[in-house]
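Please read the points below alongside the model.

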Amino acid sequence: MKVLVYSTKDFEMDNLKKANGGKHKLRFITDTLDTDTAVLAAGYDAISIFSNDDASLVVLETLHDLGVKYITLRSTGYNNVSIKSAKRIGLKVAYAPEYSPNAIAEHTVALLLALNRKLVQADAQVKQYNFSMDDLVGFDLNGKTVGILGTGKIGSILVRIFHAFGCKLLATDLTRNQYLESHYDLKYLPLEEMCKKADIISINAPLTYETHHLFRNSLFKLMKKGTILINTARGGIVKTEDLINNLKKGHLGGYATDVYENERGIFFQDHSEKGIDDGQLKELISLPHVLLTPHQAFATKEALVRIAQTTIHNLDCWEEGRGCINELGYETFVS
């Protein structure tokens, strides 16, 4: 099968080649998929895309007209793909589920600890031979109330980690995990009630129509003054304008995130020479109580191997005409 791999990063190429073992004809390009670059897929049976590629209706129609039959994502999230449209026009789409929930959960905790204990600031000070501690005071996690939105694979791991820190645990989800309730004293509450009680809130839910801008002024004003918000899910779940206002007013105590709602065209690229034009992002990262990493939570050696293996597995299934367990249907997704 001829496969065009969009948005290729240097750190994933070797894993994809190894997993492929010469079975498929892979061509790697750094271009992201959009309305302009879709034409590059002419003559290919399949494409592989990443979370920041645009697989909306217009792009999918172009791919279909060019003869592309399959799309395999190198990510768990697929809010960038119009699944209903793909199914309607005859494109098969598969994703890479659960490649490393530990990687995301561990990065979530790393973000919280780094923000709370002022590790970035401390490192910068020490490199200037400034060893004062006046601005480096954090707080104990022990005894704090942590609210987790979404107790799937990632959220479940976070429950266990925060329980080990001695935190009180709250959660919001459509379904309750009775094992977590009985073994880790987890208490499920409606989102509004969880936000009123939590000192720290972690977002671990997919971006859907229902969760888009879920965290906005109406929810922020319910939170305690000084609440820390962590987002390793999708940037669009948080309304950035409202977030910035609440951070500047001092109502929110901090924001630690690995994602940003308008990250397409910015993340995964080096803009250090020319800078960026996104004024909202500039303002966000200029705030002293904000810590942002460039969508790197997934990037562990173990996770990258599993992503590559799953990507090739999806292609193998299609080429061999057998069912692909990772294939997405519109009934499983609200596009």
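1. A cavity is a set of points, on a 1 Å grid over the protein atoms alone, where a 1.4 Å probe fits but cannot get out; lining residues have an atom within 4 Å of a point. Grid points are joined across faces, edges and corners, and a volume is the space filled by probe spheres set on the points. The structure holds 2 cavities of 30 Å³ or more.

2. This is a predicted model, in which local features need pLDDT of at least 70 and side-chain atom pairs pLDDT 80 or more, while totals for chains, interfaces and linings use all residues. Residues are numbered from 1 along each chain as its sequence is written, and side-chain values use heavy atoms, without hydrogens and water.

3. The largest cavity contains about 40 Å³ of space. Its lining includes Gly 235, Tyr 255, Glu 261 and Leu 284. By class, this lining has 6 nonpolar, 2 polar and 1 charged residues (Ala, Val, Leu, Ile, Met, Phe, Trp, Tyr, Cys and Pro count as nonpolar, Asp, Glu, Lys and Arg as charged, and the others, Gly among them, as polar).

4. The second largest cavity has a volume of about 30 Å³. Glu 12, Asn 15, Leu 16, Leu 304, Ile 307 and Ala 308 form its lining. Helix H1 (10-20) and helix H12 (301-320) are the elements giving two or more residues to this lining (helices are DSSP runs of H or I, at least four residues, numbered from the N terminus).

5. Helix H4 (residues 101-116) passes helix H6 (residues 153-164) in a right-handed crossing (the near helix is turned clockwise from the far one by less than a right angle). Residues in contact (heavy atoms within 4.5 Å) include Ile 104 and Leu 112 in H4, and Ile 157 and Phe 162 in H6.

Key:
Axes are lines fitted to C-alpha atoms, for helices over the stretch in contact, and angles run from 0 to 180 degrees between N-to-C directions. On a 1 Å grid over the protein atoms alone, a cavity is a set of points where a 1.4 Å probe fits but cannot get out, and a pocket is an open set with protein on both sides within 12 Å along at least five of seven lines; lining residues have an atom within 4 Å of a point.
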